[in-house]
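User: Hi, I have a structure open and would like to go through it piece by piece. Could you help me read it?
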Amino acid sequence: MQADAHDEPVYLGFGAEVKVDDLYRLHSKFLPLGKIGGKPSWLNPKHLPKSTDLLCKVCEKPMCFLMQVCANGGENDPPHAFHRTLFLFVCRNPACSRLNDASNLKAFRCQLPRTNDFYSFDGPMNPDFGDAPDPRAITDGPGMCQICGCAAAKKCGKCQVARYCSQAHQVVDWPTHKLECAQAATDGFIAEKLQNPRNAFVFKEFEVGIDQEYMPANLFDGISDDEDDDDDEEGNQEDETEEEKKARMKEFEKFVKENRDKNVDMTKEDLDAATSEQPKDLDFDKFNRLVNLNPEQIVRYKRHGLPLRATGRSELPEVVEPCENCGAPRRFEMQLMPHLLSLIDVDAIGQSIDWASVYIYTCSASCQITDNGYAQEFIFKQDFV
C-alpha cells in the first residue's frame, strides 16, 4: 500500500478464505500483503515484542494476534523502512472490551531496509513454487509460543521442545501436547497440524486482499442536520442497515437499563420516543453510506489522511501522543471496520469484543527502531453509544 499525500485514494482491505493446504502462503518468508488470525508472520523474526508487551492492559493476560497489514510507503519512507508492516493484537476476554476504550488492543510497527538478513534484495520467495525451505531462515531466533506464535521464554519441562509465552498458554496446550510430548522429546521438534484455526486460542486465518475505494460524487446528497427533513420513521426503519439496527438496539438497551427499576411497561411508542429524541448523527449516516458501498470491508487505509468517524456521539482524540521513540507527531494511518468482528466470529449477542471502528495512528517519520524490532503505536476505539 502506498499513501502519504492527501490526494491519495482510500484503500480497502477484505478478508479472503484460505484453503488449509495453502496456509503456507501466509508465512513470513513470502511477505504476505496482509493476514488475519492464526499466528503472526513476523517481519523481523529475530527481535520480537517481549511477552510483557503483549499483555492486555485490563486483565494482564496474553493478547491474541488479530491481523497484520503490509504498509510500505515506497519513495515516501526512509531507507530503513523499505519493508514496513503493522501488527494488531486484541484480548480475547469480552469483559476487557470497554466502551470507547482501546485498553484491550495494541498496535506495533516493524520496518526493515531493503538489504537485510531475512529477505532477498529482489523480494520475497514465490509461494507459487510451494512451501520450499527458506534459505535465509534464522537459527538463533527466539522460541515461539506453541499456542500464539509470540516470543516464548518457557519450555515444557518434560520434552524441552514445546515453548510457551506464559503458563496460561501451556495450560491451554496441555490436552494436545501430552499426547505428543514423548515423541517430541525423541524427534526434537513438533510438526504443526494443518488445520484452521490452528488451536482454540487463535482466530481463523484469512488472507487480506486490497482494492481502491470508488465513491459516487452524489453519495452524501441529502444529508442534513435539519430535523424537518426526516422521512417517515417506519420507512426509515425498514431501510435500516445492519449497523443502523445495531446502533438503535444499543440505544434501546441503554433506555431499558436506565428504566429497569422504574416498573416501566415498554411499548413500541416508548422505543420510538427513546430513539427519536436523539439528535441526528450525521457522522453515522456518512459512515453507513460509505460502508454500504463495500459492506465486507474490514480495513480502511489512508496514511496521513483523515479517519472516517463512525459516529458523532463519541469523540475521536483531540491530541494523539507523539512517537515515544523519536518524538515525531503521530498521524492517522488506518482503521478497522465492524465486519472484521463477523469474520473472526466474535460478534455474539450480549457481551463480546466490539467496536464501531478502531483507529491506528503511527509515527509520521517512520523512525528507525532499535534492532529493527517492533515499536508500539497509538490506537483508539470508537463505539456506537
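User: Which residue does Arg300 form a salt bridge with?
Analyst: Keep in mind as we go that this is a predicted model. In it, Arg300 forms a salt bridge with Glu213, and the closest N and O atoms of the two are 2.7 Å apart. Arg300 lies in strand 9, whereas Glu213 lies in the loop between strand 8 (206–212) and helix 3 (233–238), so the pair ties together parts that are 87 residues apart in sequence.

User: Is that pair buried or exposed, Arg300 and Glu213?
Analyst: Arg300 is buried, and Glu213 is buried as well. As background, side chains of opposite charge can pair when their charged atoms come close.

User: How many salt bridges does the count come to?
Analyst: The count comes to 19 salt bridges. One of them joins Asp140 to Lys46, with the closest N and O atoms 3.0 Å apart. Asp140 sits in the loop between strand 5 (105–112) and strand 6 (154–155), while Lys46 sits in the loop between strand 2 (34–36) and strand 3 (64–70), so this pair ties together parts that are 94 residues apart in sequence. Lys46 is partly exposed, with a relative accessible area of 32%.

User: And which residue makes a salt bridge with Arg84?
Analyst: That partner is Glu333, and the closest N and O atoms are 2.7 Å apart. The two link distant parts of the chain, since Arg84 belongs to strand 4 (residues 83–90) and Glu333 to strand 10, 249 residues apart. Both Arg84 and Glu333 are buried.

User: Let's stay with Glu333, then. What is its relative accessible area?
Analyst: The relative accessible area of Glu333 is 0%, and because buried means under 20%, Glu333 counts as buried. Its place is in strand 10, which covers residues 330–336.

User: Which side chains have polar contacts with the side chain of Glu333?
Analyst: The side chain of Arg84 makes a polar contact of 2.7 Å with that of Glu333, and the side chain of Thr362 makes one of 2.5 Å. If we leave aside neighbours within four places in sequence, the residues in contact with Glu333 include Ala71, Leu86, Tyr301, Lys302 and Ile360, and Arg300 from your opening question is also among them.

User: Changing topic: how many strands close into a barrel?
Analyst: There are 10 strands in the barrel, closing in the order 1-8-2-3-4-5-12-11-10-9, and the pairing is antiparallel. From one strand to the next, the twist averages 30°. In general, strands of a sheet pair through backbone hydrogen bonds, either parallel or antiparallel.

User: Over how many bridges do strand 1 and strand 9 pair?
Analyst: Strand 1 (residues 11–16) and strand 9 (residues 297–301) pair over 4 bridges in the antiparallel sense. Within this pairing, you can look for Gly13, which stands opposite Val299 in strand 9.

User: Which residues touch the most other members in the largest nonpolar core?
Analyst: Those are Leu66, Met67, Leu336 and Leu340, in a core of 63 residues. There is also a second, separate core of 17 residues, which includes Leu308, Ala310, Met337 and Tyr359. As a general point, nonpolar side chains in soluble globular proteins tend to be buried together.

User: And what is Met67 in contact with?
Analyst: Leaving aside neighbours within four places in sequence, the contacts of Met67 include Ile36, Phe87, Val208 and Ile298, and Leu336 and Leu340 are also among them.

User: Last one: where is Ser314?
Analyst: Ser314 is in the loop between strand 9 and strand 10, and at 7% relative accessibility it counts as buried. Ser314 and Asp383 are 69 residues apart in sequence, while in space they are 7.4 Å apart from C-alpha to C-alpha. A polar atom of the Ser314 side chain lies 3.5 Å from the backbone oxygen of Asp383.

Technical notes:
Residues are numbered from 1 along each chain as its sequence is written. This is a predicted model: local features need pLDDT of at least 70, side-chain atom pairs count only at pLDDT 80 or more; totals for chains, interfaces and linings use all residues. Side-chain values use heavy atoms; hydrogens and water are left out. Buried means under 20% relative accessible area, exposed over 50%, partly exposed in between (1.4 Å probe, protein chains only). A polar contact is a pair of N or O atoms within 3.5 Å; within protein, one must be able to donate a hydrogen and the other to accept it, and residues adjacent in sequence count only if both atoms are side-chain atoms. Contact means heavy atoms within 4.5 Å. Two strands pair if DSSP finds at least two bridges between them. Axes are lines fitted to C-alpha atoms, for helices over the stretch in contact, and angles run from 0 to 180 degrees between N-to-C directions. A nonpolar core is a set of buried Ala, Val, Leu, Ile, Met, Phe, Trp, Tyr and Cys residues joined through side-chain atoms within 4.5 Å. A salt bridge is a side-chain nitrogen of Lys or Arg within 4 Å of a carboxyl oxygen of Asp or Glu.
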